[in-house]
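Please brief me on the model shown here.

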Amino acid sequence: MEGLFLSHGEISLAHHGVLFLDELPEFNKSVIDVLRGPLEEKFVTINRLNASITYPCNFMLVASMNPCPCGYYGSKIRDCTCSEKQIKRYLSKISGPILDRIDIQVEVQGVTYQKLNSSATKIETSSKIRCRVNNARKLQIKRYKNYGIYSNSELTPMLIDKYCNLSSNCKNILQSAFEKLGLSARAYTRILKVARTIADLDNSEEIKIQHISEAIQYRNLDRKYWN
Amino acid sequence: MLSIVKSISLQGLQGYLVSTQVDISSGLPNFEIVGLPDTIVKESKERIKTAIKNSGLEFLSRKIVVNLSPANIKKEGSMFDLPITVGILIANGDIVNKYLDDYLQNTVIIGELSLNGNIEKINGVLPMCIEAKKLGIKRIILPKSNAIEASFISGIDILPVSNLLEIIEFFNGNFIIEKIDSSNTNIQFSSHYNFDFCEVKGQESAKRALEVAAAGGHNCLLIGSPGSGKTMLAKRLPSILPDISFDESLEVTKIHSICGLTSEKNPLILTRPFRSPHHTITHSSLVGGGLIPKPRRN
């Protein structure tokens, strides 16, 4: 009768919050791939001999990684000393399906000496950023209050059709990106969701060209590294 | 004599009522708990015996059978200590009240006993109260140290008790347990963070990306060379996450409550969780799970 004490894991403890996986390629590959289902479904069902228990896990995945084993592939500061094979093997630890579920991919470049040496007074504080974030989130909560969801990341296909309408100009941009970057259907809907968020941050009801292009720009790193 | 006391337990986040049935009859002295108890529930025998003795009552050497119904679900946790004890005291005639049956019909009792008769904090009180309310229960008797956590639920009477004598006197009509005011909406959202984005110099585009991610709850991947500030940026993410709403907070607290991660004084979790497991984490600690299922032994 063992195996009945089912308890939730880190992803459920991160419900409505953040799951941060530092140095993503260091994780066991199969452990990362376990996240595929929960990242889409927002809940996880654990089945054991005599019980099946569902826990909610609506979390935001934030991961960080180096581009290669030595860490300097694509860097402007130092040359990468890894062989092509090494880089490929390193990057292949992150599977395509996981990458496809990550809406925002961003490159963090090293900081120049001038920037490091500048005084910190001009830099925006967290509270200012949080103020904008809160306003954008309030718009979302208000918009989706009848649907039982809290944010753009939870939009269902039906709601995307309703709230992520694009003008013909935007559609053209998205179409050319879709073909050029070889995006998946999931990536397409995810770009629309991110564009909706960027428009919300701008306090704009309509998704404009700059919003959709910023959203597309967050998806092109996998072409750079994983191709 | 037979007595039946209601209690509640959880399967995941779902609650189910457990009827704690106690029968005391003459026969060889024996104390047996049936209904698939796990080790914690089985050990409650010793806690109960000693707590009753140390509360100045006599624990009779007779044949005591306790059944936790539904008998086909494995019962785990220490919250059955109190309902079993109350059941024994009723069956034993230590608690006498002619309205008792009606009262217990709509009452759920949960709590762990310590050897001196004190009633100790248990895990999962918030989801238990929510589920008890859903199941049509009118009042819940629980440990005093869980009272604040339970007070966020309205529509069900919360009766906190601190020791065994209190609950005996209460049922005998000699003591009044003060109901907790369940309109506890005085919530202070904290906005204090140890890290701030103004400590990160440069990295405007990464900051912007994190701002978008935080605003819409989007997944985000930071790629960069060592020392470029990826971890530094991610550590500061909680400081720009949107405020958690009361409903979201209840959902988060429910999960944290089950594994005892809530504090006694400020049980409600008012900041968004930020979990950063080490990369040696296993499948089951990441998504949840339990002991590896083994073939049935008996």
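**Cysteines and model basis**

A search of the whole structure, over all chains, finds zero disulfides (cysteine sulfur pairs within 2.5 Å). Cys131(A) is in no disulfide, and its nearest cysteine sulfur, that of Cys198(B), is 16 Å away. Cys198(B) is likewise in no disulfide; the nearest cysteine sulfur is that of Cys131(A), 16 Å away.

This is a predicted model: local features need pLDDT of at least 70, side-chain atom pairs count only at pLDDT 80 or more, and totals for chains, interfaces and linings use all residues. Residues are numbered from 1 along each chain as its sequence is written, chains are lettered from A and ligands numbered from 1 in the order in which they are written, and side-chain values use heavy atoms, with hydrogens and water left out.

- Five strands form an open sheet with parallel pairing, in the order S6(A)-S10(B)-S5(A)-S2(A)-S11(B).
- Strands are DSSP E runs of at least two residues, helices are H or I runs of at least four, and both are numbered from the N terminus.
- Two strands pair if DSSP finds at least two bridges between them.
- S6 (104-108) of chain A and S11 (274-275) of chain B stand at the edges with a single partner strand each, so one side of each lacks a neighbour in the sheet.
- Strands S2 (18-21) and S5 (60-65) of chain A run parallel, joined by four bridges.
- Phe20(A) stands opposite Val62(A) in S5(A).

**Helix H4 of chain B**

- H4(B) (residues 125-134) is mostly covered, with eight of its ten residues buried.
- Buried means under 20% relative accessible area, exposed over 50%, and partly exposed in between (1.4 Å probe, protein chains only).
- Among the buried residues are Met128(B), Cys129(B), Ile130(B) and Glu131(B).
- The buried residues pack against elements of chain B including strand S1 (2-11), strand S8 (139-143) and helix H9 (246-258).
- Gly136(B) follows H4(B), and its phi is positive, near 85°.

**Chain B overall**

- Chain B has ten helices and twelve strands.
- Its C-alpha trace spans about 80 × 50 × 30 Å along the principal axes.
- Of the 298 residues of chain B, 52% count as buried.
- Among contacts (heavy atoms within 4.5 Å) in chain B with a separation of 6 or more, 70% join residues 24 or more positions apart.
- Chain B exposes about 13,000 Å² (Shrake-Rupley method, 1.4 Å probe), and carbon and sulfur atoms supply 50% of it.
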